[in-house]
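Please look at the structure below before reading on. The paragraphs after it are meant to be read with the sequence and the 3D view open side by side.

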Amino acid sequence: MNNVFSNILRFLIVVLLQIFVCSHINLFGFATPALYLFALLLLPFELPLSAQYLIGFLTGFVIDLFAHTLGVNSFACLVLMFVRPYLAKALNRGKSTEGVERPIPGVKDFKWLFAYTLTLSALHQFLVIMLETSSFVNFGHTMLVVLCNTVFTVFLLLCILYIFYPAQRKY
Amino acid sequence: MSNLIEFFKNNFHYFLLAVLLVLSILMLGKSMSYSSYKLARISQGITGPIQKNWSEMMHKFSLGQENEDLVQQNIALMREHDNMFIVKEDTTLTMMSETDSLHTQRTRLYDYSYAHVIFKTIDQAYNYIIIDKGSKDGIGKDMAVTSPSGVVGVVSDVSDHFAAVIPILHPDSRISAVVSPINQVGTVVWEGTDPRVAFLENIPQHLEINIGDSVLTSGFSNIFPKGLLIGTVKEVMVGNNASFLTIKIRLATNFNQLSLVYLIENQYKKEIDSLKTGFKTE
């Protein structure tokens with residue numbers, strides 16, 4: 001029960017922050033972090049897949065409502081939620097995954113977390129930016145935006161992860 | 001049949017995924033076609049009020065900068081509006097074309113800048129105002145000070161970074177003025193304790209002054225440009241000494257709320273004053 005509550009609270013905080021603060025950040029003129037991915041990335045893996053998909057879709061939808069880009073973030077988040085379990089499985093290869101599976105410091109090492117956030121952020125940003133521009137004109141610049149957004153997002157997510165979920169035990 | 005239900009149950013998430021994917025792609029298609037504004041309208045309806053309030057709140061943070069920009073623009077407009085020029089003919093060029101006005105040099109008579117009030121008194125017998133610009137910002141003695149609504153006073157003292165202003169609300173302040181429709185010249189003085197009211201002196205009794213007539217600067221003092229609003233006539237009384245009227249005027253400037261002032265410099269004041277000293281009037 002406590003877990004459910006903390007998840008909901010996390011969603012609320014992160015989505016509000018995204019809508020009112022992060023969406024207005026324009027580092028170097030174009031880099032905008034996708035902070036709300038944080039809530040999606042930390043969703044428990046044990047949740048039924050259908051629930052995960054639904055949560056991903058709805059989160060993207062809310063962001064879309066405020067950005068007036070209906071469908072863009074919903075689609076990207078849905079794809080992200082679909083890929084997420086497979087990515088975690090792939091990253092876990094060769095290691096036992098017993099006990100509570102949470103992508104936080106202490107449970108996973110830095111390498112794992114870095115690969116996890118980087119892959120998913122890059123995928124998400126690629127989809128969002130490509131769908132937003134919806135053309136291959138100026139492809140180099142589009143990719144640059146994707147790159148900058150991804151770097152910014154990953155940096156932000158890892159910082160938050162290590163600040164709010166400090167590793168208490170090392171495995 | 002039970003097999004089918006079992007299959008459906010086991011693969012429910014795939015169906016959901018498919019449905020949601022189709023839904024988002026449909027929305028994408030709609031929002032990208034630009035032909036259907038319906039979706040945009042709906043999302044605007046939901047988030048519009050929230051975003052409006054938020055942007056209004058964020059707007060408050062940038063009001064200072066915006067204000068500064070507007071002041072700059074005002075100064076630019078004042079310069080543009082003011083067509084007091086000193087016209088000099090460039091004699092080396094007149095040989096080529098005598099009628100061409102391009103070869104005359106036009107120099108501004110007045111220059112404009114602005115400052116903020118950092119201290120002021122309004123309810124004493126000798127009021128004064130301190131502004132946040134001084135000689136390093138090009139402020140000099142005897143520059144005219146106005147507010148967006150009317151005349152304020154004259155710079156009396158200047159230090160490096162600050163300047164003192166003698167407002168109309170000071171017994172020593174005497175501003176040459178004209179009453180608007182009849183163009184009769186008088187002097188605005190302050191003798192009361194009411195920061196909203198001043199007196200116009202030296203208007204002969206036979207003239208007809210109406211309540212509400214505007215009192216403007218005359219431009220004779222070489223401090224104020226001609227035609228700035230000082231106030232409006234509030235009350236006309238026939239004084240005891242028969243030859244002049246006593247006219248109460250309501251000052252245009254609200255000294256209570258004064259925070260921004262414009263400074264106007266007559267760039268030829270010294271030159272004009274040096275001529276004036278040649279005539280010993282007394």
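What follows takes the chains one after the other, then their contact, and then some single residues.

The model is predicted. Its scores are ipTM 0.73 and pTM 0.58. For chain B the average pLDDT is 81, and 84% of the residues reach at least 70. Where pLDDT is low, predicted coordinates should not be read in detail.

Chain A has 171 residues, of which 37% count as buried. Take the contacts in chain A between residues at least 6 apart in sequence: 68% of them join residues at least 24 apart. One pair of residues separated in sequence is A:L118 and A:T150, which are 32 residues apart along the chain, while their C-alpha atoms are 7.2 Å apart in space. A:L118 belongs to helix α5 of chain A, which covers residues 110-133. Is A:L118 exposed, partly exposed or buried? It counts as partly exposed, because 16 C-beta neighbours lie inside 10 Å, whereas a buried residue would need 20 or more.

Chain B contains strands, and several of them form a barrel. In chain B, 6 strands close into this barrel in the order β3-β4-β7-β6-β5-β14, with antiparallel pairing. Direction ignored, neighbouring strands of this sheet are turned by 40 degrees against each other on average. Helix α4 of chain B, residues 63-81, packs on the sheet and touches β3 and β14 of chain B. The direction of helix α4 makes about 140 degrees with that of β3(B). In general, the strands of a sheet pair through backbone hydrogen bonds, either parallel or antiparallel.

Further pairings in chain B involve strand β11, residues 214-217. On one hand, β11 pairs with β8(B) in the antiparallel sense over 3 bridges. Here B:T217 in β11(B) is the bridge partner of B:A177. On the other hand, β11(B) is joined by 3 bridges to strand β12 of chain B, residues 229-238, and these two strands also run antiparallel.

The next topic is the nonpolar cores. The largest has 42 residues, and the members that touch the most others are B:V145, B:V165, B:V188, B:V215, B:I230 and B:I249. Which strand gives the most to this core? It is β6 of chain B (residues 151-158), with 5 residues. Apart from this core lies another, of 40 residues, which includes A:V72, A:L113, A:V128 and A:V146. Returning to B:V215, its contacts beyond four places in sequence include B:A177, B:V179, B:V188 and B:L200, and also B:I230 and B:I249.

The two chains meet in a contact that takes 20 residues from chain B and 20 residues from chain A. On the side of chain B that touches chain A, the elements giving two or more residues are α2 (12-33) and α3 (38-61) of chain B. The largest share of that side, 13 residues, comes from α2(B). By kind, the residues of this side of chain B divide into 13 nonpolar, 6 polar and 1 charged.

Two asparagines in chain B remain. Most residues other than glycine have a negative phi. B:N183, which is not a glycine, has a positive phi of about 55 degrees. B:N183 is placed in the loop between β8 (175-179) and β9 (184-189) of chain B. It counts as exposed because it has 9 C-beta neighbours inside 10 Å, and the limit for exposed is 12 or fewer. B:N202 also has a positive phi, near 65 degrees. B:N202, however, is found in strand β10 of chain B, residues 197-204. With 16 C-beta neighbours inside 10 Å, B:N202 therefore counts as partly exposed.

Methods: Residues are numbered from 1 along each chain as its sequence is written. Chains are lettered from A and ligands numbered from 1 in the order in which they are written. This is a predicted model: local features need pLDDT of at least 70, side-chain atom pairs count only at pLDDT 80 or more; totals for chains, interfaces and linings use all residues. Two strands pair if DSSP finds at least two bridges between them. Helices (H or I, at least four residues) and strands (E, at least two) are DSSP runs, numbered from the N terminus. Axes are lines fitted to C-alpha atoms, for helices over the stretch in contact, and angles run from 0 to 180 degrees between N-to-C directions. Two residues are in contact if their C-beta atoms, placed from the backbone, lie within 7 Å. Ala, Val, Leu, Ile, Met, Phe, Trp, Tyr, Cys and Pro count as nonpolar, Asp, Glu, Lys and Arg as charged, and the others, Gly among them, as polar. A nonpolar core is a set of buried Ala, Val, Leu, Ile, Met, Phe, Trp, Tyr and Cys residues joined through C-beta atoms within 7 Å. pLDDT is the predictor's confidence in each residue, from 0 to 100.
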